[in-house]
Every structure is written in structure tokens, then in C-alpha cells.
Amino acid sequence: QVQLVESGGGLVQAGASLRLSCLVSGRTRRNFFMGWFRQAPGKEREFVARITWSGGSTYYADSVKGRFTISRDNAKNTVYLQMNSLKPEDTAVYYCACGSTSQTYEDWGQGTQVTVSS
């Protein structure tokens, strides 16, 4: 089983930056994917970004492309989401997830709140 613990959320003003971290522990799969998702109040959870743990290949939702950067530090077993130029519509609970494919995520963290004020 994989354990994921997110941190780094908070309350910021529009235009500011935040960096989320996700500490990965437990029995990870080979060649697994790490993803960031978010869920705003009253909305469905949506994909934000993903990265392959082995090769570092990344993919982003159009809504965050050019503003957010996903990265990983294999030595620290940590995945990051650098969020720049934050907008009020980025307000959500952000979740880290680990998956066996780019479309299937079996393990999830507890989430961290990001609130962007206008």
C-alpha cells in the first residue's frame, strides 16, 4: 500500500505562488504515475497535472498549463506542484495520487486546501 501526505496549501492573494508537496511512502509500483487533482466546492474532482516517476514525463490540464509545474525528487520520495500566477478559480482542495497508469489512480492523499483571494 502507498501512503501519500500533501502539504503546502494555504491562503494567498491572486497572482501569488504556492508550492505543494506530496511525500510518497510504502510499496510503490514500478513505473508508476503521480498526479495532482483538485476539487472545488460544488464541483467534481478534476485532473491538474501528472508525472511519471521513472522518466519525469509531464502532462498538464489546459487550465494550468504555463502556470503550474509538476516535478519529483526521487531521493526525497516527494512530488511537487509549483503554482504560479494563482487565480481565484484555482481555489480547491488539492489531492496527490499514485497510479498504475496515466488514467488510473489507486492511492490518494488526504488533500490540502488552497484558497486564492481576489
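Modeller: In this predicted model, a strand is a DSSP run (E) of at least two residues, and strands are numbered from the N terminus.

Biologist: In the loop between which two strands does glycine 8 lie?
Modeller: Strand E2 covers residues 10-13, and strand E1 covers residues 2-7. Glycine 8 lies in the loop between E1 and E2.

Biologist: Is glycine 8 buried, partly exposed or exposed?
Modeller: Buried means under 20% relative accessible area and exposed means over 50%. The relative accessible area of glycine 8 is 33%, so glycine 8 is partly exposed.

Biologist: How far is the C-alpha atom of glycine 8 from that of valine 93?
Modeller: Along the chain, glycine 8 and valine 93 are 85 residues apart. The separation of their C-alpha atoms is 11 Å.

Biologist: How many helices and strands does the protein chain have?
Modeller: Read along the sequence, the pattern is β-β-β-β-β-β-β-β-β-β-β. The count for the protein chain is therefore 0 helices and 11 strands.

Biologist: How does the radius of gyration of the protein chain compare with the globule rule?
Modeller: The C-alpha atoms fill a box of roughly 40 × 25 × 25 Å along the principal axes. For 118 residues the globule rule gives 13 Å, and the chain is close to that value, so it is as compact as a globular protein of that length. The radius of gyration of the chain is 13 Å.

Biologist: Which strands are at the edges of the open sheet of 4 strands?
Modeller: The order in this sheet is E1-E3-E8-E7, with antiparallel pairing. An edge strand pairs on one side only, and this holds for E1 (2-7) and E7 (68-73).

Biologist: Which residue in E8 stands opposite isoleucine 70?
Modeller: Strands E7 and E8 (residues 78-83) run antiparallel and are joined by 6 bridges. Opposite isoleucine 70 stands leucine 81.

Biologist: Which residues have the most contacts inside the largest nonpolar core?
Modeller: This core has 30 residues. Strands that each supply at least two of its residues include E4 (33-39), E8 and E9 (92-99). Those with the most contacts inside the core are Met34, Trp36, Leu81, Met83 and Tyr94.

Biologist: What kind of aromatic pair do phenylalanine 37 and tyrosine 105 form?
Modeller: Phenylalanine 37 is in strand E4 and tyrosine 105 in strand E10 (residues 105-108), 68 residues apart. Their ring centres are 5.1 Å apart, and planes over 60 degrees apart count as edge-to-face. The planes of this pair stand at 75°, so the pair is edge-to-face.

Biologist: Are phenylalanine 37 and tyrosine 105 buried or exposed?
Modeller: The cut-off for buried is under 20% relative accessible area. Phenylalanine 37 has 11% relative accessibility, and tyrosine 105 has a relative accessible area of 12%. Both values are under the cut-off, so phenylalanine 37 and tyrosine 105 are buried.

Biologist: Over the face of which residue does arginine 45 lie?
Modeller: Phe37, Phe47, Tyr59, Tyr105 and Trp108 form one aromatic cluster. Arginine 45 lies 3.8 Å from the centre of a ring in it, over the face of tryptophan 108.

Biologist: How far is the C-alpha atom of asparagine 84 from that of alanine 16?
Modeller: Asparagine 84 lies in the loop between E8 and E9. Its relative accessibility is 29%, so asparagine 84 counts as partly exposed. Asparagine 84 and alanine 16 are 68 residues apart along the chain, and their C-alpha atoms are separated by 6.3 Å.

Key: Residues are numbered from 1 along each chain as its sequence is written. This is a predicted model: local features need pLDDT of at least 70, side-chain atom pairs count only at pLDDT 80 or more; totals for chains, interfaces and linings use all residues. Side-chain values use heavy atoms; hydrogens and water are left out. Two strands pair if DSSP finds at least two bridges between them. A nonpolar core is a set of buried Ala, Val, Leu, Ile, Met, Phe, Trp, Tyr and Cys residues joined through side-chain atoms within 4.5 Å. Buried means under 20% relative accessible area, exposed over 50%, partly exposed in between (1.4 Å probe, protein chains only). Rings of Phe, Tyr and Trp (its six-membered ring) pair if their centres lie within 6.5 Å; planes under 30 degrees apart count as stacked, over 60 as edge-to-face and the rest as tilted. A charge sits over a ring if NZ of Lys or CZ of Arg is within 6 Å of the ring centre and within 35 degrees of the ring normal. The radius of gyration is taken over C-alpha atoms; the globule rule is 2.2 Å times the number of residues to the power 0.38.
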